[in-house]
Protein chains: 2
Amino acid sequence: MSQSPKQSAGSPAPTSADVARLAGVSRATVSYVLNNTAAVRISEPTRRRVREAAEELGYVPHAAARSLRAGHSRMVLLPTAHVPVGPLYSRFFNELQWALRSLDYTVVQYGSVGMDADEAARAWAELRPVAVVSLGHVELTPTGVELLRRSGAKAVITVGPQQVEGTHALVMDQTRVGRLAGAHLVERGRRRLGVVMPGEPGLEVFSVPRLEGVRAAAEAAGATVVPLSLRYEEEPAGALAARWRDLDLDGVFGYNDEYAMLLMRALQDAGIAVPEETAVVGSDDLVVGRLLRPRLSTVHIDMVGGGELAELVDRVVREPDTAPERHERLDSYVVHRESS
Amino acid sequence: MSQSPKQSAGSPAPTSADVARLAGVSRATVSYVLNNTAAVRISEPTRRRVREAAEELGYVPHAAARSLRAGHSRMVLLPTAHVPVGPLYSRFFNELQWALRSLDYTVVQYGSVGMDADEAARAWAELRPVAVVSLGHVELTPTGVELLRRSGAKAVITVGPQQVEGTHALVMDQTRVGRLAGAHLVERGRRRLGVVMPGEPGLEVFSVPRLEGVRAAAEAAGATVVPLSLRYEEEPAGALAARWRDLDLDGVFGYNDEYAMLLMRALQDAGIAVPEETAVVGSDDLVVGRLLRPRLSTVHIDMVGGGELAELVDRVVREPDTAPERHERLDSYVVHRESS
DNA sequence: TTGAAAGCGCTACCAG
DNA sequence: CTGGTAGCGCTTTCAA
């Protein structure tokens, strides 16, 4: 009898057949018992024997075999490339995972660094997820969507700046963030605006539309806009501050609070008064932004709740033929503090 | 019979049998061609026919079926509970994912919020991963490890404060972080030390050993230590600062830079001079810490590189019988700035 | 050079 | 109430 678990490496995992043998029943019965199949009544003694056998062997069902047989899984795939830092995103992520789990989905985050769009879609399709929720770090083309659909994905949902054809979309309009920041600066009397563009790769999906937003707001007021590339380090910030007076700007949108804080400090160290000489606005409304002096003005972004998104996933999975919807969920507003 | 591919929702994903039929060959041949099986020579025209058929149908192999047949997968499971924010962690994560991918593993991050240790281990085991790399947010018990082993996991590796029995471990000694901070404060002449304990859940694995570390350093010098619970918000920080003089502390370790900055600002606003009256030290060496005035002293933590860890995973998978090793990889050192 | 068939672990029918 | 059995999609002998 194998009651002492001495399977360091050689022995294969126990299967339902092993459990059946040990319990002296058939594999079918094992399946019925362990899944509490309602349609079949099994005697209590048998149930106990099966349960004990399973326990003793340390039996764990084989998810792949199960979903192969079932013809579908309850896996929700969340592709990610670069995990975006920041409390906003991680809160969202955690909420989403938690909500999906309580709807009985298996959440799988699949890292897809350095794959192109179709390559990635293929890799995801191999796992036959019931739903794919793309957070927008990895591109998703109509071809990719089609491929996922044919591989059994009931729901393909994109969360990000734009809607992708054929998917349900949760559009988070980054343009609006820029527009709000731009309008605020204009309102504060600024006419020559800089916009920080992060030098780090992968942030273009956010930074480019934000720049567009600032442009739109500026144009309406006859203000000018200059994009300013900046890596998130002190030296480049210092260098940028050193040539600030040549740039002749009286307001700047810092992409987000972190870049804004970096730049603001560099400006102050270079003797440029904030907000008198140059107003600074960030976004994300981080706690740290309130710790600097002057306190950082910012665009507060209310991201969609993870729970809402989970519900959308579930609805689309159950009703796969609903036409792709476009949901707009990004309430943002300016928080005016002292830096502008 | 399904002759016309109406892929919208109803039609199932094409299988290798469908490809075989369309190409006029057997399923075996399809498999040989698509996997470039070296042991078998297939004529070039046949190969082309198969490839074209696969292309036309949008065929994607079924990962579950494949690994079921193969008896093993190349899935590396990264369980996560609350995704820890912070650039340190995300850089590490990205590196790890990238490195594992280039070693041809499929990296799957599995969110396990609100599950207890053994429940979680079971859920992971169902996926039959070849390796599990636990980042320490979810507890892993010896029972859990045993279960994973029996389910075919060749490598179970824990990254975190302590080693778990039966696993290879990458120990990141959080005690040391606290000890360094404590020693530094003592060295700066401080004798009554506060230690911030984050009020947010899930951080205990870090905060408790760090507190222990400070205690050890303080004890050696005859200094006292007081733990201070603090939520990451301005109000509680203000409240703590308001009763600061009653606490009668002349030095504080802020858990990390973020909490340290929050507290430092609250202290300054309450009229307590930093570092004269109270010295403040954080950890993580964040960029923002250098933007406040006084600049924040901090404990710089050099985490293990993701690449190194990936190599360890690979080595253990190939050589599963190597005795569990304990690797120590956490070079940390104090960066003395102006707040202490 | 290709095909037929077995079987990975599981569940769902249908008999007994 | 329980057991036999087919078959999910795939790879891999063994035969032709």
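**Helix, interface and sheet**

Modeller: A:Asp18 and A:Arg21 lie 3 residues apart in helix H1 (residues 16-23) of chain A, so about one helical turn separates them. Please note that this is a predicted model.

Biologist: What do the side chains of A:Asp18 and A:Arg21 form?

Modeller: They meet in a salt bridge, with an N to O distance of 3.2 Å. Over all chains, the count comes to 38 salt bridges.

Biologist: And how many salt bridges are there between chain A and chain B?

Modeller: The count between chain A and chain B is 4. One salt bridge joins A:Asp269 to B:Arg293, where the closest N and O atoms are 3.0 Å apart.

Biologist: Which elements of chain A supply residues to the side that touches chain B?

Modeller: Those supplying at least two residues each include helix H3 (44-57), helix H5 (87-102), strand S2 (106-111) and helix H12 (257-269) of chain A.

Biologist: How much area do chain A and chain B bury between them?

Modeller: They bury about 5,700 Å², and 56% of it is on carbon and sulfur atoms. Chain A brings 63 residues to the contact, and chain B brings 63 residues.

Biologist: Why do the copies meet through the same surface?

Modeller: Of the interface residues of chain A, 100% are also interface residues in chain B, so the same surface is used by the copies.

Biologist: What rotation superposes chain A on chain B?

Modeller: A rotation of 180° does so, with 0.1 Å of shift along its axis and an RMSD of 0.2 Å. This is the relation of a two-fold axis.

Biologist: Changing topic: in what order do the 6 strands of the open sheet in chain B run?

Modeller: The order is S7-S6-S8-S9-S10-S12, and the pairing is mixed. Strand S7 (224-230) and strand S12 (331-335) of chain B are the edge strands, each pairing on one side only. On average, neighbouring strands of this sheet are turned by 20° against each other, direction ignored.

Biologist: In what sense do S10 and S12 of chain B pair?

Modeller: Strand S10 (residues 297-302) of chain B pairs with S12(B) in the antiparallel sense, over 5 bridges. Opposite B:Thr298 stands B:Val335 in S12(B).

Biologist: Which helix lies across S9 of chain B?

Modeller: Helix H12 (residues 257-269) of chain B does, running at about 155° to S9(B). The strands that this helix lies across also include strand S6 (192-198) and strand S8 (251-253) of chain B.

Notes. Residues numbered from 1 in each chain as written. Chains lettered and ligands numbered in written order. Predicted model: local features only at pLDDT ≥ 70, side-chain atom pairs only at ≥ 80, totals over all residues. Heavy atoms only, no water. Pairing = 2+ DSSP bridges. Helix = DSSP H or I, 4+ residues; strand = E, 2+ residues; numbered from the N terminus. Axes fitted to C-alpha atoms, helices over the stretch in contact; angles between N-to-C directions. Contact = heavy atoms within 4.5 Å. Least-squares fit on C-alpha atoms with pLDDT ≥ 70 in both. Buried area = accessible area lost by both parts, 1.4 Å probe.
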